[in-house]
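Here's a quick briefing on how some of the side chains in this model pack and pair up. Have a look at the sequence and structure, then read on.

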Amino acid sequence: HVEHLSVTWVNKFDEHATAYIALDQVYALMHQLGEPLGIYGTDGNVGRYLCVRYDLQLTLEEARVKDAASTAPEKMLNWLRSVEKRLEDERYEEWRIMQEEAAAYEVGMMDKDRKKKK
C-alpha cells in the first residue's frame, strides 16, 4: 500500500519530488489512493480525510513551533510510518478478535459434542 501511495504521490501530486503537496490536495490524493489508505466506500468514509487533515494540520503547527529541524522528505516518511503503524494496529486488533471468536466457537462446538454423547 505504501508503494501505491508513493507512486500516486510522485506521479500525480509531486512530480518534482519535493516531498510536499498543498493541504488542499490531500483530499484528491486520498481519492486517488482508494482502499485502505484513502477514501473509499460510502460517504461516511470521508471521516478518514478529516482525521488525516487534522493530523496534517497538527504536524504543520508543530513544525512551525519547533523551527523544523527535519527535512520535508523525513517528515513525509515519518507520517507514512505513523499511518502504516495505525493500519498494522487495526489489523492486529481484527486478528485478535477473530482468534477470540474462533476459540469461543471451538468451545461451543466441544460442548455441543459432549451433549450429543450423553
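Arg96 and Glu100 pair up through their side chains in a salt bridge, with N and O 2.3 Å apart; the term covers a side-chain nitrogen of Lys or Arg within 4 Å of a carboxyl oxygen of Asp or Glu. Bear in mind that this is a predicted model: local features need pLDDT of at least 70, side-chain atom pairs count only at pLDDT 80 or more, and totals for chains, interfaces and linings use all residues. Residues are numbered from 1 along each chain as its sequence is written, and side-chain values use heavy atoms, with hydrogens and water left out.

**Around Arg96**
- Arg96 and Glu100 sit 4 residues apart in helix 4, so about one helical turn separates them; helices here are DSSP runs (H or I, at least four residues), numbered from the N terminus.
- Arg96 also meets Glu93 in a salt bridge, at 2.4 Å from N to O.
- That pair is 3 residues apart in helix 4, again about one helical turn.
- Arg96 is partly exposed at 27% relative accessible area, where buried means under 20%, exposed over 50% and partly exposed in between (1.4 Å probe, protein chains only).
- Both partners are partly exposed too: Glu93 has a relative accessible area of 33%, and Glu100 comes in at 46%.

**Other salt bridges**
- Asp111 bridges to Arg114, with the closest N and O atoms 2.8 Å apart.
- These two are 3 residues apart in helix 4, which puts about one helical turn between them.
- Asp111 is partly exposed at 33%, and so is Arg114 at 47%.
- Glu90, Arg91 and Glu94 are tied together in a salt-bridge network.
- The count comes to 6 salt bridges.
- As a rule, side chains of opposite charge can pair when their charged atoms come close.

**The largest nonpolar core**
- This core has 15 residues, and Leu5, Ile21, Val26, Leu29, Val52, Met76 and Trp79 touch the most other members; a nonpolar core is a set of buried Ala, Val, Leu, Ile, Met, Phe, Trp, Tyr and Cys residues joined through side-chain atoms within 4.5 Å.
- Helix 4 gives the most, with 5 residues.
- Leaving out residues up to four places away in sequence, Val52 touches Val26, Met30 and Trp79, with contact meaning heavy atoms within 4.5 Å.
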